[in-house]
Amino acid sequence: TGYIEGCFHAYTTADQAFPGLVVGTGFEDYFTSAFWFGAASGDGTPHEFAQDMAGMVHFDRGAVNESISTYRNHDRDLLIFNDGGSLQWRVGDVEAKCTELGTDDPINTPQPTTVSAYAWVYTW
């Protein structure tokens, strides 16, 4: 369950220090949603959605595992990388929620998380 609290950090160069540029303070926040993808439901039940910038097009919560498919476009909020930059998602992240403040203790109890990702990168 720790994956939902994972922050997204953009590092524009390979040597940029933590926390870099925080571009999402939780998994669902990065994909332009809130409250475990259930903000619109009123009861916290995740709802699929599709927008130009981001969406969640599949969600299945089983007794043991969750399966989710999301997308995010950065054509309106460009992420510029140079010399080894990266976009990192930290499952659980740290107690101080995406910052260097506080301790290095993870939020909740992060569990092993399997991720399959695709990226389309345009250069010009």
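**Notebook: rings, pocket and sheet**

I looked for aromatic rings and found that ring pairs link Phe8, Phe27, Tyr30, Phe31, Phe37, Phe49 and Trp89 into a cluster. I note at the outset that the model is predicted.

*Entry 1, ring pairs.* I searched the whole structure and got 10 aromatic pairs. One of them joins Tyr30 and Phe31. I remind myself that a pair of aromatic rings is described by the distance of the centres and the angle of the planes. For Tyr30 and Phe31 I wrote down 4.9 Å centre to centre and 80° between the planes. This pair is edge-to-face, because the angle of 80° is over the cut-off of 60 degrees.

The largest pocket holds about 1,800 Å³ of space. I counted 44 residues in its lining, and those closest to the centre are Tyr30, Phe31, Thr70, Ala117 and Tyr118. Helix 1 (27–30), strand 5 (66–72) and strand 6 (86–90) are the elements that each give two or more residues to this lining. Which of the elements gives the largest share of the lining? I found that strand 5 does, with 6 residues. Sorted by class, the lining of the largest pocket has 24 nonpolar, 16 polar and 4 charged residues.

As a general point, strands of a sheet pair through backbone hydrogen bonds, either parallel or antiparallel. How many bridges join strand 4 and strand 5? I read off 7 bridges between strand 4 (residues 54–61) and strand 5, in the antiparallel sense. In one of these places, Met56 has Thr70 of strand 5 as its bridge partner. Thr70 is also among the residues closest to the centre of the largest pocket.

Which residues is Ser33 in contact with, leaving aside neighbours within four places in sequence? I noted Glu28 and Phe49. Phe49 is also a member of the ring cluster.

Conventions: Residues are numbered from 1 along each chain as its sequence is written. This is a predicted model: local features need pLDDT of at least 70, side-chain atom pairs count only at pLDDT 80 or more; totals for chains, interfaces and linings use all residues. Side-chain values use heavy atoms; hydrogens and water are left out. On a 1 Å grid over the protein atoms alone, a cavity is a set of points where a 1.4 Å probe fits but cannot get out, and a pocket is an open set with protein on both sides within 12 Å along at least five of seven lines; lining residues have an atom within 4 Å of a point. Grid points are joined across faces, edges and corners, and a volume is the space filled by probe spheres set on the points. Helices (H or I, at least four residues) and strands (E, at least two) are DSSP runs, numbered from the N terminus. Ala, Val, Leu, Ile, Met, Phe, Trp, Tyr, Cys and Pro count as nonpolar, Asp, Glu, Lys and Arg as charged, and the others, Gly among them, as polar. Two strands pair if DSSP finds at least two bridges between them. Contact means heavy atoms within 4.5 Å. Rings of Phe, Tyr and Trp (its six-membered ring) pair if their centres lie within 6.5 Å; planes under 30 degrees apart count as stacked, over 60 as edge-to-face and the rest as tilted.
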